[in-house]
Structures are given as structure tokens and as C-alpha cells.
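These are my notebook entries on a structure that is new to me. I set down what I looked up, in the order in which I looked it up.

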Amino acid sequence: MGDSFVIAIDFGTAYSGHAFSLTAKEAKSDIHVKKWGEDVGQQTPKTPTCILFNEKEELISFGYKAQTDYFKMKGKQAKESYLFDCFKMSFYGKNFNRNLKIKAANGNALPAFKVFTEALRFLKDDALQTINDSAAGKKFIATDFTWVLTVPAIWDPSAKQFMREAAMQAGIVEERNKEKLIIALEPEAASLWCKQLPAEGFIAEHQGQTKLEQSPGTQYIVVDCGGIDL
């Protein structure tokens with residue numbers, strides 16, 4: 001295939017989202033970012049990293065909808081359901097493996113591998129649906145893309161491998177094309193994006209045309225304010 005099709009998933013501590021690019025291989029990337037929350041009066045580039053399962057451990061919803069669905073539940077239904085919110089960093093410093101369990105908001109627990117896998121599956125399916133909704137006469141599938149999945153730089157190799165296995169279980173890639181999954185460190189991805197920004201008027205008006213990467217000696221700092229509900 002002569003095209004460069006990429007989907008990137010930012011699986012964040014507080015918020016998650018995805019972006020995609022469908023361009024010819026040698027062309028400049030044309031990045032599209034999904035907007036979330038229209039049904040709750042929002043329009044944000046990410047949705048809360050919140051996932052809801054029913055009493056049968058089946059996925060009900062993710063993001064803003066998961067929060068809304070859970071808050072509408074009462075009595076027995078709420079007690080038997082599983083709501084996980086801001087769960088990504090709960091295992092920081094621990095050895096990730098498939099035996100780990102994670103507690104929901106009501107104290108119920110599920111295997112962490114299932115929670116992470118279903119969250120990634122939702123984001124994968126939503127990204128493909130978003131693309132296919134505007135595709136003219138073509139139906140894209142997961143194997144058409146190179147996938148980028150961000151992880152914290154502070155995670156150890158076992159955590160990164162855990163995410164790779166969860167992504168494969170979610171159907172993002174398969175064993176035969178696993179090289180099409182790129183695990184990217186969050187600060188490195190952010191820094192690469194910053195290098196494409198104008199060196200003058202970084203985020204202000206009257207921006208210059210010269211990119212940071214074209215300005216030798218220019219210094220900048222990347223600050224990750226994730227996990228904060230502003």
C-alpha cells in the first residue's frame with residue numbers, strides 16, 4: 001500500500017482520545033482529532049478515561065457516557081456494576097501481569113487486563129467508526145493502519161508489555177502484523193509535536209513561519225499536566 005494510514009490512541013490517566021491521518025506516504029500528515037461529549041454539552045478533544053461494565057462483566061459504555069450511565073443507576077444495579085475511573089496509574093510501581101485486579105468505584109473488582117483491553121477495544125472501534133462515517137465508498141479495518149499507543153515514560157518494561165498484550169487482545173493488531181503497533185512514550189510524542197510549532201509566537205497570535213525544529217539552539221520545556229480535572 002502506497003499510503004500512510006495512522007491512528008494514534010492517547011490512553012490518558014484522566015482523559016483519553018484518538019487522532020488519525022489518511023495521507024499518501026510522501027505527503028505531509030493531515031491530522032484529524034475526534035471531538036467528544038456532544039451528547040452532554042461538551043466538545044473536547046478527549047473524553048474521560050472512565051469505563052462501565054454490567055453485572056455480567058460486559059462493557060456498557062466509555063467516557064462521558066459511562067459517567068452519565070452510572071450516575072443514573074440506582075440500588076442493586078449500581079451495586080452490581082463496575083465503574084472504573086482514572087485507573088491507569090493505580091499500578092504505578094507494581095509489576096504488571098494478567099493476575100492483577102483493579103477495584104471499581106463501588107469496591108467490586110475485575111482483572112486489570114480485561115479493563116485495559118476493553119478500554120482499548122472501545123477506542124479502536126470508535127476510531128474506525130469515526131473514519132468510516134466519512135469515508136467515501138471504502139470501509140477501513142484495523143489492519144489498514146499503523147497504530148500508535150502512548151504510555152508514560154516512567155512505566156517499566158512489564159507495564160509496556162502489558163499494554164502491548166492488551167492492544168493485541170483488543171484487536172488493534174494481531175501476531176502476524178504486530179510490528180504495526182508502536183508504543184510511544186508520552187513526553188517524546190509531545191516533544192515531537194512541539195517541534196512542528198512555530199518558534200515565534202509559540203501559542204500566541206502573529207506566529208512565525210519557522211518551526212522549532214528549524215531553529216537550532218532554541219530551547220523549550222514540555223510539561224505534562226495530565227491527571228488534573230481542570
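Entry 1. Before placing any residue, I note that helices (H or I, at least four residues) and strands (E, at least two) are DSSP runs, numbered from the N terminus. I also note that this is a predicted model.

Entry 2. I looked up the overall make-up of the protein chain. I found five helices and 11 strands. Of its 230 residues, 39% are buried. Among contacts with a separation of 6 or more, I noted that 55% join residues 24 or more positions apart.

Entry 3. Where is alanine 142 placed? I located alanine 142 in the loop between helix 3 and strand 10 (146–151). Its relative accessibility is 12%, so alanine 142 counts as buried, the cut-off being under 20%. Neighbours within four places in sequence aside, I found alanine 142 in contact with Leu128, Trp147, Gly171 and Ile172. I also looked up glutamate 174, which is 32 residues from alanine 142 along the chain; their C-alpha atoms are separated by 9.6 Å.

Entry 4. Which residues of helix 4 are buried? I listed Ala159, Phe162, Met163, Ala166 and Ala167. They lie on the same side of helix 4, because the arc they cover around the axis is only 135°. After helix 4 comes glycine 171, and I noted that its phi is positive, near 85°. Glycine 171 is also one of the contacts of alanine 142.

Entry 5. I looked up aspartate 126, which is found in helix 3 (residues 112–133). Is aspartate 126 buried or exposed? With a relative accessible area of 15%, aspartate 126 is buried. Leaving aside neighbours within four places in sequence, I found His18, Lys34 and Trp36 in contact with aspartate 126.

Entry 6. The largest share, three residues, comes from strand 6. By class, I recorded five nonpolar, three polar and five charged residues in the lining.

How values were computed: Residues are numbered from 1 along each chain as its sequence is written. This is a predicted model: local features need pLDDT of at least 70, side-chain atom pairs count only at pLDDT 80 or more; totals for chains, interfaces and linings use all residues. Side-chain values use heavy atoms; hydrogens and water are left out. Ala, Val, Leu, Ile, Met, Phe, Trp, Tyr, Cys and Pro count as nonpolar, Asp, Glu, Lys and Arg as charged, and the others, Gly among them, as polar. Buried means under 20% relative accessible area, exposed over 50%, partly exposed in between (1.4 Å probe, protein chains only). Contact means heavy atoms within 4.5 Å. The arc is that of the directions from the helix axis to the C-beta atoms.
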